[in-house]
Structure formats: C-alpha cells, structure tokens
Amino acid sequence: MRISELRISGSGLIVDGVDLEVSSGETVGLVGESGSGKSLTARAATGLLPKGLRATGSVTLDGRELLGARERVWRSVRGTRVSLLMQDPFAMLNPLRTAGAHVAESLRGRRDRAEVLRRLAEVGIDDPDVAGRHPFQLSGGMRQRVALAAALAADPGLLIADEPTTALDATTQHEILMLIRGLQRARGMGVLLITHDLRVAFELCDRVAVMYAGRIVEQGPPAEMAKAPAHPYTAGLLAAVPTVERRLPRLIGIRGSVPSAAQVSATCAFAARCDQATSECAHARPPLRELRPERLTACLHEVRPRTRVEEGGQERRQVTGDEVLRVTGLRRTYGSHVALGGVSLHVNRGESVGVVGGSGSGKTTLARCVLGLVRPDSGTIELADPVRPRHQLVQCVFQDPSTSLNPALTVGATLTEAAAQGPAKDRLTPAELLELVGLPVAYARRRPAGLSGGERQRVAIARALSVRPALLICDEPVASLDVSVQAHVLELLREVGTSMLFITHDLAVVRQMADRLVVLARGEVVESGDTAEVLDAPAHAYTRRLVASVPAAP
Ligand code: SF4
C-alpha cells in the first residue's frame, strides 16, 4: 500500500500530508499520541472514514487507486486484500454470530468446519468448542484472537491493526502481538500497526513512522531511531517512556500539549514545545527530508541528545514506621466469583505501595473497599486515625479525569467545594492547590473542557489533596494520558509525597512510583516485597509472566 499526500479534514484540518508505504513481508508502525491523526489515516486507508470527513491525496493498493472509490469497490478489497483489526473486537464481531461463523463467512475457498478449526488454531485457539461460542462468551483476549482469525480468513496481503491490544491485559497484549508477528512472518503479509505505545512499535516493527499533529515527523528503523532520534519530538517521547529496568531519579515529559494540525499547518508542528526551536522554525514548515536511505526527519536542525535522567532527582521518599493503612484478610465475593480472597497489606506513612495485576485480579475492588464504596464480606481496614471521617483520610485519583470532574463547575469551584469537606483549620485555597500541582492560578476560572488531559488530571490530584488526606489511592492515574504528559503527572505525584496505594497494570510505571509492590492474581496476593527485588527477580510464576510481557525499553 502506498499513501501519498493524504489530507483529511472535517470542520478543520486533521491529517496534513501523510506519505507512507507498506510492502509485503514488512511490519510498519505508525506511532502517535491522541489527536495525531494516526487512526484516521488507517480509516482512510480502508475506506472507512467517518461521515463528515473528507480525504484528498492518494491511497493505492498494488498500484490501484482507491481513495475516492465507491463503496462497492472498497467492499471488494476490504477483508480480501486489506483487513482492519480494531481495538475493540466487539466493534468487529456480530454478537449474534458464533466465532466459527465469523471465520467461515470470510473464507474464500473451503468453508467446512475443519477449515474453520484450522484457522482458529492458527491464532492459538485449540479448543474446538470455541467455534460454537458467541463473542460475549469469550474473554477479551479470546475475542481479539477470533477477530484476528476472521480478519485473516480471506488471506489479505495487508493487515492494518489499529491499537489491537490497547484494551487487553499486559500478558494477553504480549501474546496477541507475538501472534501477529508470527502470522506476518509465516504468511509474508504486510502489517501496518497503529499504536500510541512507542515500546510496542519499537519491539515489533521493521520501520516506524512517528506522527504528530497530523503529519509524519520522523521515520526509520526503530533501533536507529532509539539510538539517535532525528526529531526532537521522538527524542522527547523516548525520554518520557518509563522503563521497567530501573527507577529513574526524575521523569521528564514534554511541556505543553499536542496542537491541532490546523493550528500549525504553516510552521514546524512541534515548534511551540521544542527546546531547540529557532526563529526559522516558526516561519517555515520543514519538509520530511531524507537523512539517508530509510531515514527521514521533518526537523530543520540536528537533534541534541536528550537524557532520560536529570541530576537532582529524589531517589527515595521519607518513610516512617507508622501505618496509614492496614488491610487484613479482606474478602469480597460477587455470587460465585471471588473478587478478593483474603487480601492483607499495609502502607507506612510517606510510603508508596504499588498494586499490580491483570484484569480480574481484584485491584479495583481493593481500592473501592478502602474508599468505602464497596463493603467487604469479611476482613478489616484500619486507617491512620479512627476518629477522622474516612473521606478526609483517604482520597482517590481515578483513571479518567474527564469523567471524574464536574463539567459544569469551574476549577476554582471544584477545589473550593472539595476543600470544604476537609478540616476547617489551615484550609487550602484554590490558588494554593493549583500552585501545588503546578498549574497557573488563572486556571481557577476555567472549566474542565478548557483543559488538556494532563491538566485535568492535575486538577483531579489537587482536588484529592485538598482535604490533606493521609493516603492517596491512585487507580491507573496515567492510563488515559499520552506518554509526553504522563511523565509530568507521575513526577508530580512523586513530589507531593503523600502516602500512596498506586494501582496499575503497567510495571514500568510502578517501577517509577512504588517503594514496595504487591502482586495480585485472582483476588490473592501472590507476591510482595521491595519493588526492585520483585521486578528484578520475580519469585512467583504469575509475576514472571507479567514481567516477561513488558515490551523492551526502546
Ligand atoms: S524544526 Fe525547529 S522547532 Fe521543529 S523540531 Fe526541529 S528544531 Fe524543533
């Protein structure tokens, strides 16, 4: 497939001149943060642009122009020569059809049961009974395998996989990615992998294109890019990606947030956030130029190396012996499902304790029990002070700040309202809270819609800190943030120094955040200890699987 000068616009410009090629037998990664235009590029390349958007330029498959083709033409191409695998298999699978029926309807030759079972076995489904099951009867990973088998049933030459593993557990994610790689090699097909996760793209792809504000800013083989990025944005992303190998003294993000393509169409798209910008950068749009064969950059200048580690970062927090939380024998069931099967743990004052595990491990139920949102069947929860109300002792920062903040209230009103729930003595003002989380005081007048994702999460942290809690529960606090913003929020949480129960599926993030680690599997603690010791030498098979599933640091 060759994409040339692709422009996509709706009410404004979204994708601004993308050129990309995928050959047979090659895996190309298209990496970008939210709003970069990567998913719309995939949609345009499969004739599935949402209504109201227009695309110009060219998309050719084996030399045949497809952009602007009628739906009838696209239908003859989609599934047979190019297939799309999406993040949510529910969006691709018909809830009324069985797994086997999905595969059978896309087969071109034999459609008998033996062939369907062979195709399911190809994606790692060896149990023949699965063919007779409906999507809702399958786990997330199993559904994605069925969707992959259906996408490949007509033996397309190109698979476009759009965030195919983002909704899955770390271990399942790893299995599906390895499966895609194995199938790509066995079939010699081309794969265009669209992802926000630099680590995934760098581990899996032969070539990576980095997209920013609607255009490609750098392209090349991942090993070379990791060693010497040729665009400051790539360098910034690489420096911001947390690593599971060691705890970094300081996490470095990229200042500001991603602009829209329309805002930066006449300049370097990255100029407002770039530490190396010169006056030239704001007056011309740098073309994607060739540094050497296969190595392209849209930067006018040579890139200064950026280091992950800055001097002066704090290595460990001040931990005292007194406890702010002790959970003993916590048990909670839902019917026959055991969400928590007798969990015990504690958090000392000033300490950050990480809780990791896959979906269904019980992490969120644990948090909800400590917050008082779920009543445990048995077990005890002791907080720092038996007299102070629970909401003053423990507060939570949730994953998605856009749903956890009231859209009708200004930031100032939200913080005033939250602080009023705390003790009257030494009550923090909105200005003090905004300063604490590194936001301008003028933001008190804004509403959540006027903030970026990272800014909203800072406000959510300020709100949680407004009652001066003894314990902060962070439930996947950066899972919905772009990597360039994630580092700022993690660094902020490290700086505020409140005792934390840090819940995450991301081992690289927990390495940066937790002094001690508790590994949960099916509602039970299977391993716990010093974070470095657990991650460097995991003792339990489940922890070993989790660690092995983390993509290598670029
Ligand atoms: S062209 Fe200028 S502003 Fe753009 S990335 Fe390069 S140095 Fe930075």
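Modeller: Let's start with a pair of residues: Gly354 sits opposite Phe502, which belongs to β19. Bear in mind that this is a predicted model. The strand to look at is β15, residues 352-356, which pairs with β19 (residues 499-504) in the parallel sense, over five bridges. β15 has another partner too: strand β20, residues 516-521, runs parallel to it and is joined to it by four bridges. On that side, Val353 has Arg516 of β20 as its bridge partner.

Now for the side chains' directions and how covered they are. Ser352, Gly354 and Val356 point one way from β15, while Val353 and Val355 point the other way, and every one of these is buried.

Next, the open sheet. Eight strands make it up, in the order β6-β7-β8-β3-β9-β10-β12-β11, with mixed pairing. The edges are β6 (82-85) and β11 (289-292); each has a single partner strand, so one side of each goes without a neighbour in the sheet. From one strand to the next, the twist averages 25°.

Inside that sheet, β7 (residues 158-162) and β8 (residues 190-195) pair in the parallel sense over five bridges. There, Asp162 is opposite Ile194 in β8.

Then come the helices. Helix α6, residues 140-152, packs on the sheet and touches β6 and β7, and its direction makes about 170° with that of β6. Helix α10 (residues 232-240) also packs on the sheet, touching β9 (207-212) and β10 (215-220), with its direction at about 100° to that of β9.

α6 has a helix neighbour as well. Helix α4 (residues 99-106) packs with α6 at an angle of about 15°, and their axes are 7 Å apart. Angles under 35 degrees count as roughly parallel, so α4 is roughly parallel to α6. As for handedness, the crossing of α4 and α6 is right-handed. On the α4 side, Ala99, His102, Val103 and Ser106 do the touching, and they meet Val146, Ala149 and Ala150 in α6. By type, the residues of that contact come out as five nonpolar, two polar and no charged.

Technical notes: Residues are numbered from 1 along each chain as its sequence is written. This is a predicted model: local features need pLDDT of at least 70, side-chain atom pairs count only at pLDDT 80 or more; totals for chains, interfaces and linings use all residues. Side-chain values use heavy atoms; hydrogens and water are left out. Two strands pair if DSSP finds at least two bridges between them. Helices (H or I, at least four residues) and strands (E, at least two) are DSSP runs, numbered from the N terminus. Axes are lines fitted to C-alpha atoms, for helices over the stretch in contact, and angles run from 0 to 180 degrees between N-to-C directions. Contact means heavy atoms within 4.5 Å. Angles under 35 degrees count as roughly parallel, over 145 as roughly antiparallel, 65 to 115 as roughly perpendicular and the rest as oblique. A crossing is left-handed if the near helix is turned anticlockwise from the far one by less than a right angle, and right-handed if clockwise. Ala, Val, Leu, Ile, Met, Phe, Trp, Tyr, Cys and Pro count as nonpolar, Asp, Glu, Lys and Arg as charged, and the others, Gly among them, as polar. Buried means under 20% relative accessible area, exposed over 50%, partly exposed in between (1.4 Å probe, protein chains only).
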